Amino acid sequence: MTEIAIIDYGMGNLHSACKGLEKAGAKLKITDSIRELEQADAIVLPGVGAFDPAVQHLRSRALEDPIKKLIAGGKPFLGICLGLQMLFDGSEEGKEPGLGIIPGMVKRFINEPGITIPHMGWNQLELTQPKCGLWQGLQGGEWVYFVHSYYVDPIDTAIRAATVTHGTQTVTAAIALDNLMAVQFHPEKSSSAGLQILANFVAQVNAKIPA
């Protein structure tokens, strides 16, 4: 059975993320052990809360360099919510540098009439990489669940796998580049579409495991 390591850095929606991945057929290990991350078939970095404490917690566990090396080495990786934002150079939410894996910044939604910040609740995905493995079985326009005041703004817009529109602002909802995938929404809270996305991630991991 596929073993997926959920990175435990003292923050994050670990149990809800685990529940969704278990339904997708994966064996899970919640860990902050570098050795266990190396041994796993794939890695998931979940996250809720503020940017600065999250990256501080990662660094306090000496996880920054191992995460970078594992991604660079081709290990399948899925970031969820704050686990997407930490991949970037930094955030307008705080002062700490991000992991710097994806060039770009995390920005705050601009206040405008008729919208709420945080962007909270169900919204529709626009698939900008419709052939991305995460979207197998989806048609586009699926409703998924968001809770965020900040969004990622990659310098290379080609890595955007999906966008979402809040008010007049269309922002990145997911990124995908080779083995690195990450989403701003919470697939584990996104009903059947979210479970399909998690199952697609597990399927992609299985495809990379030698028979």
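**Crossing of helices H1 and H6**

At what angle do the axes of helix H1 and helix H6 cross? In this predicted model, the axes of H1 (residues 14-23) and H6 (residues 191-208) come within 8 Å and cross at roughly 70°. Helices here are DSSP runs of H or I with at least four residues and strands are E runs of at least two, numbered from the N terminus. Axes are lines fitted to C-alpha atoms, for helices over the stretch in contact, with angles from 0 to 180 degrees between N-to-C directions. H1 and H6 are therefore roughly perpendicular to each other (65 to 115 degrees). The crossing of H1 with H6 is right-handed (the near helix is turned clockwise from the far one by less than a right angle).

On the H1 side, Gly20, Leu21 and Lys23 meet Leu195, Leu198, Phe201 and Val202 of H6 (contact means heavy atoms within 4.5 Å). These residues comprise five nonpolar, one polar and one charged; Ala, Val, Leu, Ile, Met, Phe, Trp, Tyr, Cys and Pro count as nonpolar, Asp, Glu, Lys and Arg as charged, and the others, Gly among them, as polar.

**The largest pocket**

The largest pocket has a volume of about 180 Å³. Of its 13 lining residues, Val48, Gly49, Cys81, Val147 and His148 lie nearest the centre. Helix H5 (82-85) and strand S9 (143-148) are the elements giving two or more residues to this lining, which divides into six nonpolar, five polar and two charged residues.

A pocket is an open set of points on a 1 Å grid over the protein atoms alone, where a 1.4 Å probe fits, with protein on both sides within 12 Å along at least five of seven lines; lining residues have an atom within 4 Å of a point. Volume is the space filled by probe spheres set on the points.

**Backbone features**

The peptide bond from isoleucine 117 to proline 118 is cis, with omega near 15°. Proline 118 lies in the loop between strands S6 (102-108) and S7 (119-124).

Alanine 62, not a glycine, has a positive phi near 55°, and is located in the loop between helices H3 (51-60) and H4 (64-72). Serine 191, in helix H6, also has a positive phi, of about 55°.

**Basis of the values**

Residues are numbered from 1 along each chain as its sequence is written, and side-chain values use heavy atoms, leaving out hydrogens and water. Local features need pLDDT of at least 70 and side-chain atom pairs count only at pLDDT 80 or more, whereas totals for chains, interfaces and linings use all residues.

Methods:
Angles under 35 degrees count as roughly parallel, over 145 as roughly antiparallel, 65 to 115 as roughly perpendicular and the rest as oblique.
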